[in-house]
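Please take a moment to look over the sequence and the fold below.

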There are 2 protein chains.
Amino acid sequence: MKIRPVNVNTFRENVIFLRKDSEFCRAQTFSPQTKVEISFDGRTMVGLLNTIEEPILAKGEVGLCEYAFEKLGLPAGTEVKLRHMDPVKSVDLVRKKIHGEILDEDDYLQITKDIVENRYSKVELTAFVVACAQGPMEREEVVYLAKAMVETGHSIKWDFPMVVDKHCIGGIPGNRTTMVVIPIVAQYGLPIPKTSSRSITSPSGTADTMDVLADVNLSLPKMQEIVAKEGGCLGWGGAFTLAPADDIIISVERPLNIDAPGQLVASILSKKKAAGATHVLIDIPVGKTAKVQSALHGATLKKLFEYVAGHLDMLVDVIITDGAEPIGRGIGPILEARDVMAVLQNDPNAPQDLREKSIDLAGRIIEFDPKVRGGEGYKIAEEILNSGKALDKMNRIMDAQGRRQQKEPGPLVREIPVPKNGRIESYDNHMLAKFAKLAGAPEDTGAGLYILKRVGEKVKKGEPVFRVYAEQEADLGYAMEYWETHKKMIEVV
Amino acid sequence: MKIRPVNVNTFRENVIFLRKDSEFCRAQTFSPQTKVEISFDGRTMVGLLNTIEEPILAKGEVGLCEYAFEKLGLPAGTEVKLRHMDPVKSVDLVRKKIHGEILDEDDYLQITKDIVENRYSKVELTAFVVACAQGPMEREEVVYLAKAMVETGHSIKWDFPMVVDKHCIGGIPGNRTTMVVIPIVAQYGLPIPKTSSRSITSPSGTADTMDVLADVNLSLPKMQEIVAKEGGCLGWGGAFTLAPADDIIISVERPLNIDAPGQLVASILSKKKAAGATHVLIDIPVGKTAKVQSALHGATLKKLFEYVAGHLDMLVDVIITDGAEPIGRGIGPILEARDVMAVLQNDPNAPQDLREKSIDLAGRIIEFDPKVRGGEGYKIAEEILNSGKALDKMNRIMDAQGRRQQKEPGPLVREIPVPKNGRIESYDNHMLAKFAKLAGAPEDTGAGLYILKRVGEKVKKGEPVFRVYAEQEADLGYAMEYWETHKKMIEVV
């Protein structure tokens, strides 16, 4: 049959469309969740079967959703073979896990392989994720899963004795420390080839913010060249297939909002291992609106990170930070990039919290260097930042990646007045994030929110508290409408 | 926006299609697994958002997959409102269950309500199913789930002091005892309003086989009228919304092939309770290719059935039967219907295993009658069958439901020769089922397989062992092709 793209976006599920009256549908045992294997010249792909009628598909055509079409990577009209897929054997292992058994190293490898080859439907994937979350996983199992995730994807090799990296387990808006930390550490001389993700539900990911300043879509040779020359980079992680099983697992974990420690640790450490890191700083913000909400939970997680990293031949340093407040003033790609550059430029108006936290994290990474005594890292990092050398390094990294032309936020701007006299008690981070999204972030890079008043500041009714930026009138309208009905995002007492 | 059906069959997942450039997609926090609520005049429906491009959707149109369109039940072009759905609160309870907590009666009610209202995506539904399977559920929890399933659907009320029913937990092909049992029991005088399911993956369900003889699509008043007059019926269960949560849960349980005892028992007993049964015979076939593979497992299941039924004010009798072999000779709607009628007609060539098992089960149901001593049921049932009164009752039920014109199997027939001399040692039931499906069953009611030689019979090479029936040449071709490559479906020693 001939393939044909169908413009349906299913979000990371391979869906294969056939006509109900096609020979294939008639001839096969055809049921809900039936999986079909497409093959062409030794290449195969598995997808979930949905039926669709003319006029979308002609006779003899097999439709592929956008995700599947892109994944298969063959031109429309290519003649392919279809096969009813046999049940996936490793799903028996998932059933074993559901029944409470401990799986071994080879079991995790088989499951992970099938996941990467897209043999699991969302239902099977969810069954695996939930079974591992509920079990819970023994810490050996976390090691097996992490190793399997590394083995089933590409790995990057570096010619350095030490490669450092950092990771924040997340949840804090505007938290762009990475873009300050990397130039400091690279300038110090520890290789730090950093890759970050783009936003999925937030108003900007580190890769979106960096994309405002320079090209983040680096090929592997290009990244290696930049790191060899500058000691660091700020690329987009999606360009490499590092631990691809993790991305697929996350696609069901995220909507379920399950944060099972085993999966979290396996996910983060497998990506770092595949990226070639030897020393990793893990930042665990603890706070009411953060992922980790108690110090005790943070401490347990820290031990698991240490155990698993040890078995992957990596050294981790886990730091518990204050996750009570957003970091920086800008929310949205251009606005965040300006915060970062202000810190690097030692601008006295730069957000001090972003500066402090970045120096702190950079200092801890610098202390991975055996020559540095514990406690000296902060001062070294601060000196590099104050001297302007971190800014120089950032400029060289931007040039190496491909500097973008500077863009201003907006052009549409609206000031939001403080609703009453008093003191800012708190902000609702989730509402701030949605406010910025409605204004157009991150697709419209100039859109977002700029926070003029920090928590604790005294304010007068009518003074501006935020600036909302948008590129399009309609978006500004949606954002303002949201503000009118969600003024409780600011608590003034 | 205006609704428009999109001819995509997603198999029980509500999918709502929007164009990526629609205002709704632009304005909302839009991510994988985003759910959208459609509302019209107080009626609402929730679906998973997929994007789809022109020419399928025009501007201002919202597309609904077949399942969703049918469920919403509004004409194409109806103006509806769209709303981004807030996270479903009861998913927090699922997370609690994942973390090993015991849920209470109200928790199960909330979860079940949201499932019935289609607020759960397949991912969330799977999370619930797996969490309950792995836990495992305490037996009180099974009661709560069963009660919640009954409460969130319709229930049928009967004016009889006793209403009996039967259920086989399944897995045995050709097992059409129900169609023999019902006329015997109805003739005896115990009301037995039986509803059955259509095939999903098998070559025929009881409703498909009965559909050959009479209309099975009964309205509730019609069914009540028939039962009042004849004491029994053989309808299709899908026509009523009894315990609808169960159907939705099954849509993920089945592809995962998890048979958690708690869910199995809750599923069966909630349907029986909602159908108004007071006394239920549960048939648990135990055998290598059956659902339950050991007597011990069968015994545990029996206790759970008894406990839960007690809390639902029903009496169950659980019978463990031999599940080692298929029952009857025909596989496929018309062929099975002929087996059933041959037994009712006391035809000496009727399959004796079907006759024996049916009398046995009918006898056990008759013993629910307080007037009947334990052990007497079999004789009573046998007499009713031998006297021809069961046949008369079946004829009256068929007339009441709407008798169909008799149809012959085929018209295409092919005899399959025994591959070698010897004795039939066994059949592979799964392969026989697929063979019959390829020939066209159950869609082509005349298609299927007729087994000429039983397990244990001596055979000579070249003698016919099966007859394959098909309505269409192409299907006969697929079936024969399958036979050529799967001759091991017959083991001759």
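In what follows, an axis is a line fitted to C-alpha atoms, for helices over the stretch in contact, and angles run from 0 to 180 degrees between N-to-C directions. This is a predicted model, in which local features need pLDDT of at least 70 and side-chain atom pairs count only at pLDDT 80 or more, while totals for chains, interfaces and linings use all residues. Residues are numbered from 1 along each chain as its sequence is written, and chains are lettered from A and ligands numbered from 1 in the order in which they are written.

Helices (H or I, at least four residues) and strands (E, at least two) are DSSP runs, numbered from the N terminus. In chain A, the axes of helix 7 (residues 178–188) and helix 16 (residues 389–401) come within 8 Å and cross at roughly 100°. Helix 7 of chain A and helix 16 of chain A are therefore roughly perpendicular to each other (angles under 35 degrees count as roughly parallel, over 145 as roughly antiparallel, 65 to 115 as roughly perpendicular and the rest as oblique). Two residues are in contact if their C-beta atoms, placed from the backbone, lie within 7 Å; helix 7 of chain A contributes A:Pro183, A:Ile184, A:Ala186 and A:Gln187 to this contact, and helix 16 of chain A contributes A:Lys389, A:Ala390, A:Lys393, A:Met394 and A:Ile397.

Another pair in chain A, helix 4 (residues 105–116) and helix 6 (residues 139–151), has axes that come within 8 Å and cross at roughly 45°, so helix 4 of chain A and helix 6 of chain A are oblique to each other.

Chain A also has an open sheet of three strands in the order 8-11-12, with parallel pairing, where two strands pair if DSSP finds at least two bridges between them. Strand 8 (164–168) and strand 12 (315–322) of chain A stand at the edges with a single partner strand each, so one side of each is left without a neighbour in the sheet. Strand 11 (residues 279–286) of chain A pairs with strand 12 of chain A over eight bridges, and A:His279 has A:Leu315 in strand 12 of chain A as its bridge partner.

Where the chains meet, 40 residues of chain B are in contact with 41 residues of chain A. Helix 5 of chain B supplies the largest share of the side of chain B that touches chain A, nine residues. Strand 5 (residues 43–52) of chain A and strand 2 of chain B run antiparallel and are joined by two bridges, with A:Thr51 opposite B:Asn9 in strand 2 of chain B.
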